[in-house]
Amino acid sequence: MSATFSETDLETPDGRRLHVYDTGAGDGPARLTVVWHHGTPNVGSPPAPLLPVSRRLGIRWISYDRPGYGGSSRLPGRSVASAAADVRTVADALGVGRFAVMGHSGGGPHALACAALLPERVLGAVCVAGLAPYDAEGLDWFAGMHASGRASLAAAAAGRAAKERHEAEALYDPGMFTAADHAALAGDWSWFEEVVAPALADGPGALIDDDLAYVHPWGADPRAVTCPLLLLHGGRDRIAPSAHARWLAGRTPGAVLRLRPDDGHLSVLNGAVSALEWLAGHAEP
């Protein structure tokens, strides 16, 4: 699925390179700019299946490859909260003052971190199929995860060396996805084929950094999110079980939980158009 956006490289204050994508403002000022936070392992190009509705809603997408992915330099020891400084750098460079954030899967925690740490900039947030913090009190964090995903994240929790050993031996397990997920991959969300392969082209290093960040302190508390927040989750998600969204909804003031009972980790994105419409209606400048 082709998409139109510009790509550029920016330098961070600490001398790293961030590879940035921008759909632009079109024929006039965008009604709303949304920063996209990609999943694990993906590169950061904007979600092509959402571009048609984005044009109707007047949405400009900006996004970037998280450190270590695609054209972005690695940031050793990065946390989930590290995304906030990078997003500020990107927004400042592109002349964007206030914006909304949206993340899927591994992008969900990063979107939440930006909303928590940049309250003066973030107008609204959507977290799709995201994980809760690893130290979430009262949450059985691994419960409901497919065996392969559980093993991958448990290896990360055991430390970098254990995670590197795991990735050296791990094989793709299609069983982590439901039948509905596979159907989504065969339809509009075949777009993932365009963003997964480039993310792994240089090996699993960025994926390892992501997973280590998820199972260590985030450096950002979802309870600090004060902007409008929508949590979109599939009831049959085998990668980030829906209990994670319920935990977040119960502890984030004003959060709206939209649970799609028959969806998995990917098919839940069939509800992303209505989520984007919600964001456009609630993220008021």
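This is a predicted model: local features need pLDDT of at least 70, side-chain atom pairs count only at pLDDT 80 or more; totals for chains, interfaces and linings use all residues.
Residues are numbered from 1 along each chain as its sequence is written, and side-chain values use heavy atoms, with hydrogens and water left out.

Aromatic pairs were searched for across the whole structure, and eight were found. Rings of Phe, Tyr and Trp (its six-membered ring) pair if their centres lie within 6.5 Å; planes under 30 degrees apart count as stacked, over 60 as edge-to-face and the rest as tilted. One of the eight pairs is formed by Tyr134 and Phe142, which is edge-to-face, with 6.0 Å centre to centre and 80° between the planes. In the pair of Trp189 and Phe192 the ring centres are 5.9 Å apart and the planes stand at 35°, so this pair is tilted. Tyr134 and Phe142 also belong, together with Trp141, to one aromatic cluster.

Accessibility is given as relative accessible area (buried under 20%, exposed over 50%, partly exposed in between; 1.4 Å probe, protein chains only). Tyr134 has a value of 31% and is therefore partly exposed. Trp189 and Phe192 are both buried.

Most residues other than glycine have a negative phi, and most peptide bonds are trans. The peptide bond between Thr40 and Pro41 is cis, with omega about -5°. Pro41 is located in the loop between β3 (32–37) and α1 (51–57); helices (H or I, at least four residues) and strands (E, at least two) are DSSP runs, numbered from the N terminus.

Positive phi values occur at Ser105, which is not a glycine and has phi of about 60°, and at Ala129, also a residue other than glycine, with phi near 55°. Ser105 is in the loop between β5 (99–104) and α3 (107–117). Its relative accessibility is 13%, so Ser105 counts as buried. Ala129 is in the loop between β6 (122–128) and α4 (147–157). With a relative accessible area of 1%, Ala129 is likewise buried.

Thr252 lies in the loop that separates α9 (242–251) from β8 (256–260). The relative accessible area of Thr252 is 5%, and the residue is therefore buried. When neighbours within four places in sequence are left aside, Thr252 is in contact with Pro222, Val225 and Leu229, where contact means heavy atoms within 4.5 Å.
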